[in-house]
Amino acid sequence: MRWVLAVGAAVVGGAVLWAAPPDRGAVAPAGRLTVGYTTEPALAAALRTTHATVLRRLPALRIVELGTVDAAGAVSALRRAPGIRFVQRPAERSAAGEPALVLASLAPRALWEWQYHAIHEDAVPAEVMRAAASVQIAVIDTGADLTAPDIAAKSPQTYNTRTGNGDVRDVNGHGTFVASLAAGSVTNDEGIAGSGGDAQLLIVKATSSGGTFTDVDEAAGITYAVDHGAKIINLSIGGPTTSTTERRAIQYAVQHGVLVVAAVGNEYAAGNPVEYPAALLQPAGSNGAGGAGLAVAASTVGGVRASFSNTGSWVSLAAPGEGVFGAVSSLASPTSFPRSVLPDAQSGLYGYGSGTSFATPQVSGAAALVWAANPALTAAQVAEILKETASGAGRWTPSLGYGVIDVAAAVARAQTGVPPALPVRGVRSR
């Protein structure tokens with residue numbers, strides 16, 4: 001399951017997926033505009049030429065969201081005003097997903113959380129697991145069920161970009177599943193274990209109660225996470241276009257030394273488009289080299305690409321994403337997130353889910369352990385270590401990038417203290 005930009009439908013795995021540019025015909029909240037500016041005085045002067053009001057400010061990005069009854073008139077006036085960098089309509093986003101696509105196909109069923117073993121998480125030293133408590137992972141999503149045992153045990157910090165408070169109740173269910181995979185407790189003797197050891201969680205709810213959100217919500221979540229200490233930002237979201245607001249938010253995170261990890265998308269059968277923000281992190285044409293973060297594909301229990309997972313020159317690496325086991329929100333619809341009985345579980349709800357959305361948090365958790373093993377590493381070095389030690393053994397492919405992550409190997413590599421040097425193969429100059 002993942003998030004996509006609205007307008008222009010395609011059907012994948014039984015789910016309707018929507019996509020369109022944020023400023024070329026996108027359906028946006030009525031009467032709302034996103035405006036970039038140079039200085040506060042310039043913005044104030046520009047606003048005096050309109051009847052628009054400020055609904056929300058993102059001062060770190062010099063962006064505001066405006067409300068107006070005359071959007072066309074406001075756009076015309078603002079674009080003529082000195083000190084206004086851009087005027088766009090916010091992109092409305094909605095949920096689409098593929099939970100439990102392979103609910104009945106896993107064998108043997110005794111391997112409930114098979115992904116934990118597949119990425120060699122169980123071979124990471126205990127002291128590294130504990131050291132991950134110094135690293136915070138921000139999950140910007142639909143919120144989370146704070147009563148889910150593996151999330152509750154982390155006592156996560158919370159923030160709602162719409163309300164400005166800590167209410168992150170997850171009616172949709174996507175965020176709960178993602179958060180549990182990224183950093184569900186490994187020491188509470190209940191439920192599942194996330195891939196981030198004792199890493200801290202920051203839950204940022206970027207959606208309305210109905211499950212929609214815009215690029216402004218995404219940017220607000222990113223800047224909040226950066227400003228409140230997150231070292232890793234998980235974005236299990238995407239669409240085939242980007243916006244100035246999204247690009248500035250990603251740049252803000254990268255400039256502050258934060259590692260951003262995003263899903264490559266599930267539209268292989270619908271044209272296999274390049275997706276954003278993943279392609280802002282691992283640019284199209286890079287063939288896995290360099291980049292500002294990690295774009296994550298989904299693999300199967302057999303270690304090959306999941307059939308729905310997008311491919312291309314912008315894929316960094318992969319993690320299990322077909323039929324993975326995670327925590328289910330008690331507020332989520334059983335139709336969207338079917339429950340699966342977990343033997344000996346005393347509390348909580350659990351189930352299987354599929355999608356690059358669910359591969360991505362495993363990479364975020366792995367990054368936390370690499371950083372715990374060597375806190376002196378930069379975000380770029382953490383990303384390169386994860387690529388270098390993945391199953392491809394330094395070889396890149398458009399299906400899985402550098403391969404499926406190997407957390408134990410990445411941790412061991414980080415402990416050597418030597419910055420990685422990936423071989424460059426087939427990389428086009430840009």
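A residue counts as buried at under 20% relative accessible area, exposed at over 50%, and partly exposed in between (1.4 Å probe, protein chains only). Helices (H or I, at least four residues) and strands (E, at least two) are DSSP runs, numbered from the N terminus. The model shown is predicted, so to speak of local features takes pLDDT of at least 70 and side-chain atom pairs count only at pLDDT 80 or more, while totals for chains, interfaces and linings use all residues. Residues are numbered from 1 along each chain as its sequence is written, and side-chain values use heavy atoms, leaving out hydrogens and water.

**View 1. Strand β14 is mostly covered.**

**View 2. β14 pairs with β13 and with β15.** Strands pair if DSSP finds at least two bridges between them. β13 (residues 232-235) runs parallel to β14 over 4 bridges, with I233 opposite V260. On pairing with β15 (residues 294-299), β14 is again in the parallel sense, over 3 bridges; there A263 has V296 as its bridge partner.

**View 3. Helices α10 and α11 cross at roughly 115°.** The axes of α10 (residues 356-373) and α11 (residues 379-388), lines fitted to C-alpha atoms over the stretch in contact, come within 10 Å. Angles run from 0 to 180 degrees between N-to-C directions. The two helices are therefore roughly perpendicular (65 to 115 degrees). Touching residues (heavy atoms within 4.5 Å) include V363 and W371 of α10 and V382 and L386 of α11.

Terms used:
Angles under 35 degrees count as roughly parallel, over 145 as roughly antiparallel, 65 to 115 as roughly perpendicular and the rest as oblique.
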